[in-house]
Amino acid sequence: MRLRFDAMTSLAVAVVGAAGRMGRTVCSAVDAAPDLDLTVRADVGDDLAALSGRARVAVDFTVPAVTEANVHALLDAGLHVVVGTTGWTEESLGRVRDHLEKVNAGRPDGLGVLIAPNFALSAVLAMSFARQAARFFESAEVVELHHPDKVDAPSGTALTTARHIAEARTRAGLGPVPDATEKQLDGARGAVVDGVHVHAVRLRGLVAHEEVLLGNPGEQLTIRTDSFDRSSFMPGVLLAVREVVHRPGLTVGLEQVLDL
Ligand SMILES: NC(=O)C1=CN([C@@H]2O[C@H](COP(=O)(O)OP(=O)(O)OC[C@H]3O[C@@H](n4cnc5c(N)ncnc54)[C@H](OP(=O)(O)O)[C@@H]3O)[C@@H](O)[C@H]2O)C=CC1
Ligand SMILES: O=C(O)C1=N[C@H](C(=O)O)C[C@H](O)C1
């Protein structure tokens, strides 16, 4: 019965932030997918409560300052939500988890929220490889490189990568990364995220890139991911849209869906 339903009914999708760089690309990708139906393009000033009944899944690519409020409004409107916008913290994720528990209480087919800092397969794999490798290296630093219209630094992907590296180092009993710097210009050693230095480059011509540098005496491992075009994020976004309706509660990271 379920197969018949999936085969005959397309999934109605709303895109929030539809006029933005990612929003426009997601609209085209949803439009081109035979099993998905783009029913709403929402942007600044649109009332998200009005999406109730017009879509089953909303995709949010907006700005860090509004994304959490959007998710709460979309849950109140009864939609599953896929989020690519950056700026999430343990606290804001916790509030979404609490909200989901409330709206899903007593519902076997509860709502799902899937939040991922990066939907590109190469980036998800790079984060996973970095996490795997981190415990074997004395030194670890992250360099992220993006287009200069990006409003946040460091990138959400770099923050997540650094946190995963730090967790792996702690679990392995590694101490602080070696660094004899005594005197520096402000920012010369980047931001420090859980003990891992993160450097942000903004350069016209770039899209989204990251290097994880891992060092030991006499050797270095570099893990690099490049998104040359926003089409790189689309298979992951579409996968998340199709998956989120089957995953009640909060899912963080596309790696959960890919079983990495
Ligand atoms: N997870 C992933 O794989 C990826 C994540 N990102 C992240 O996605 C986010 C968006 O990136 P990008 O598309 O480049 O940014 P843009 O600035 O191009 O797009 C954001 C859009 O959201 C709109 N917007 C702002 N506030 C609201 C609101 N309250 N409700 C609805 N729409 C709103 C903006 O309108 P206006 O311009 O008028 O303010 C704009 O149209 C960023 O956080 C970025 O880091 C980006 C790429 C991949
Ligand atoms: O703003 C961008 O462009 C991107 N943002 C995300 C991030 O901050 O990690 C994902 C990707 O790097 C592109």
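Residues are numbered from 1 along each chain as its sequence is written, while chains are lettered from A and ligands numbered from 1 in the order in which they are written. Because the model is predicted, local features need pLDDT of at least 70 and side-chain atom pairs count only at pLDDT 80 or more, whereas totals for chains, interfaces and linings use all residues.

The domain assignment gives domain 1 (11-115 + 231-257) and domain 2 (121-228). Such bounds come from an automatic or database domain assignment. Over C-alpha atoms, the centres of domain 1 and domain 2 are separated by 28 Å. Ten residues of domain 1 are in contact with eight residues of domain 2; contact requires C-beta atoms, placed from the backbone, within 7 Å. The side of domain 1 that touches domain 2 has five nonpolar residues, four polar and one charged. In this division Ala, Val, Leu, Ile, Met, Phe, Trp, Tyr, Cys and Pro count as nonpolar, Asp, Glu, Lys and Arg as charged, and the others, Gly among them, as polar.

UniProt, in an unreviewed entry, lists residues 123-258 as "domain: Dihydrodipicolinate reductase C-terminal". UniProt positions are given in the numbering used here, feature names are shortened, and annotations may be inferred rather than shown by experiment. The span 123-258 is 31% helix and 29% strand, and its end C-alpha atoms lie 13 Å apart. Helices (H or I, at least four residues) and strands (E, at least two) are DSSP runs, numbered from the N terminus.

The largest nonpolar core holds 60 residues. A nonpolar core is a set of buried Ala, Val, Leu, Ile, Met, Phe, Trp, Tyr and Cys residues joined through C-beta atoms within 7 Å. V15, A58, V59, V82 and V237 touch the most other members. Helix α7 (residues 234-244) supplies the largest share of this core, six residues. Domain 1 and domain 2 both give residues to the core, so it lies between them. Leaving out residues up to four places away in sequence, A58 touches A14, V16, L51, L74, L79 and V81.

Ligand 1 is surrounded by 24 residues. A residue is near a molecule if its C-beta atom, placed from the backbone, lies within 6 Å of it. The closest are G17, G20, R21, M22 and G84. Helix α2 (residues 21-32) gives the most to this shell, with three residues. By class, the shell around ligand 1 has 13 nonpolar, nine polar and two charged residues.

Ligand 2 is surrounded by T86, P117, N118, H146, K150, S155, G156, T157 and A208. This shell divides into two nonpolar, six polar and one charged residues. The unreviewed UniProt entry places the feature "binding site" at H147, G156 and T157. T157 is found in helix α6. T157 counts as buried because 25 C-beta neighbours lie inside 10 Å. The scale is based on other C-beta atoms, placed from the backbone, within 10 Å: 20 or more for buried, 12 or fewer for exposed, and partly exposed in between. Beyond four places in sequence, T157 touches P117, N118, A123, E144 and E210. H147 lies in the loop between β6 and α6. With 14 C-beta neighbours inside 10 Å, H147 counts as partly exposed. H147 touches L206 and V207, not counting residues up to four places away in sequence.

The loop between β6 (139-146) and α6 (156-171) also contains P154. A cis peptide bond joins A153 and P154, with omega about -5°. Positive phi values occur in two non-glycine residues, D194 at near 50° and D259 at about 60°. D194 sits in the loop between β7 (191-193) and β8 (196-202). D194 is partly exposed, with 14 C-beta neighbours inside 10 Å. D259 belongs to the segment after α8 (255-258). D259 is exposed, with 5 C-beta neighbours inside 10 Å.

G215 is found in strand β9 (residues 208-216). G215 is partly exposed, as 16 other C-beta atoms lie within 10 Å. G215 and S139 are 76 residues apart in sequence, yet 4.8 Å apart in space, C-alpha to C-alpha. Neighbours within four places aside, G215 is in contact with F137, E138, S139 and Q220.

Technical notes:
Contact = placed C-beta atoms within 7 Å.
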